[in-house]
Number of protein chains: 2
Amino acid sequence: MEGFAARYKILPSGRRQITAIHVPGDFVDLHSFLLKTMDHGVMALTACELALVPHATLLRITEEKPHLARLLWLGTLIDAAIHREWLTMMGRSSATAHMAHLICELFCRLQLVGLTDGWSFRCPLTQEELGDTLGLSTVHVNRVLKELRERKLVSWQNGIVTIANWQGLQDLGEFSELYLNLIREPR
Amino acid sequence: MEGFAARYKILPSGRRQITAIHVPGDFVDLHSFLLKTMDHGVMALTACELALVPHATLLRITEEKPHLARLLWLGTLIDAAIHREWLTMMGRSSATAHMAHLICELFCRLQLVGLTDGWSFRCPLTQEELGDTLGLSTVHVNRVLKELRERKLVSWQNGIVTIANWQGLQDLGEFSELYLNLIREPR
DNA sequence: CGGCTCTTTGACCCGACTCAACGCTCGTGG
DNA sequence: CCACGAGCGTTGAGTCGGGTCAAAGAGCCG
């Protein structure tokens, strides 16, 4: 898929939670392949270009190409690992640390697909969407971003995120890219 | 697996978050099969009896028994669906609603494996572990349980959970069992 | 120019946390 | 048989992070 997308859930009360953010190159909705009932929605955050894979094709892959099937499976396992990391930050860290962590994660994932430019990258999320991702109010998202800017860790303006102090940001967010299961050169 | 277990993460700061609770019958750690680095720990909540499956066997299953492999995959997808649901409750609901939701989920999962007794079931979590599951302090867990008891929705005493008002509990927790992907008779 | 979406800021409030103490139960050793 | 400590549950007082409400900029398009 080209472009950014998100998976989300909406509670009966109307509150929305974004449960995953997809960057260009991600296989977005493999989860719906085997699940009987789709438990969440998918939305585009930018204009997207996507490739569709019929379930019949996936089924055939599991029958005939076990190696490829394992790779697809791995993709969903990494999604789950990210869910666990988010759960941990959601439950056990402050709003500021959580935001720092999310920025670190996005940076790593985007760098892997070559979408970073030095310490900067484009990120199309509005503050409202960020709030729905982190479980915060829009107002508080704004204050957190202001704090990160004032602490000279990172700035997020006009859809461009620029990391000013990677080590500091990583420490604040208690971030370690291990859970992303990326294979690449050490930084 | 017989007995209760949990998967958890510990942050550098020392704070713990439980990311999954496993009930008897669950395939506990299929996630470690394909993931290069194990991103979390597993702990027993009670004495457990378990069956081990070597990775080589799993590998062979994916090569030779695609139908079975899809079932295993489905298991991990359901784990991910539960993670998304927890994420949503964590980010977008009150402590009381979150607790109600967790109790509803445990009830449904335990009923499926025949471990409920009417509206009661055994649940070995301490309040500290409950707090680490819900992202709350031990003290607040206690207050939330007290509130649920006083509202005559559910009681949790000496490791026995008894649901007094299923509909009320479900409404409060905005619970719908859909995400669990259970196949069974409607209640 | 007006209207829309998104961002920013201030004032006030409340849900959940921390600290601290006390109670209960059970297992262990003198 | 009782004393003691460990682990878990319960409760109160005070604090604070993040929410809500409200209003004002800032960029963008028609």
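The lining of the largest pocket divides into 27 nonpolar, 7 polar and 4 charged residues. Here Ala, Val, Leu, Ile, Met, Phe, Trp, Tyr, Cys and Pro count as nonpolar, Asp, Glu, Lys and Arg as charged, and the others, Gly among them, as polar. The model is predicted: local features need pLDDT of at least 70, side-chain atom pairs need pLDDT 80 or more, and totals for chains, interfaces and linings use all residues. Residues are numbered from 1 along each chain as its sequence is written, chains are lettered from A in the order written, and side-chain values use heavy atoms, without hydrogens or water.

**Largest pocket**
- About 1,000 Å³ of space lies in this pocket (an open set of points on a 1 Å grid over the protein atoms alone, where a 1.4 Å probe fits, with protein on both sides within 12 Å along at least five of seven lines; lining residues have an atom within 4 Å of a point).
- Of its 38 lining residues, B:His22, B:Gly25, B:Asp26, B:Phe27 and B:Val28 are the closest to the centre.
- In chain B, β3 (41-44), α1 (55-64), α2 (66-92) and α3 (95-112) each give two or more residues to the lining (helices are DSSP runs of H or I, at least four residues; strands are runs of E, at least two; both are numbered from the N terminus).
- α2(B) gives the most, with 8 residues.

**Second largest pocket**
- The space here is about 570 Å³ (a volume is the space filled by probe spheres set on the points, which are joined across faces, edges and corners).
- Its lining has 28 residues, with A:Asp26, A:Phe27, A:Gly75, A:Ile78 and A:Asp79 nearest the centre.
- β2 (16-22), α3 (66-92) and α4 (95-112) of chain A each supply at least two lining residues.
- α3(A) provides the largest share, 10 residues.
- By class, the lining has 17 nonpolar, 7 polar and 4 charged residues.
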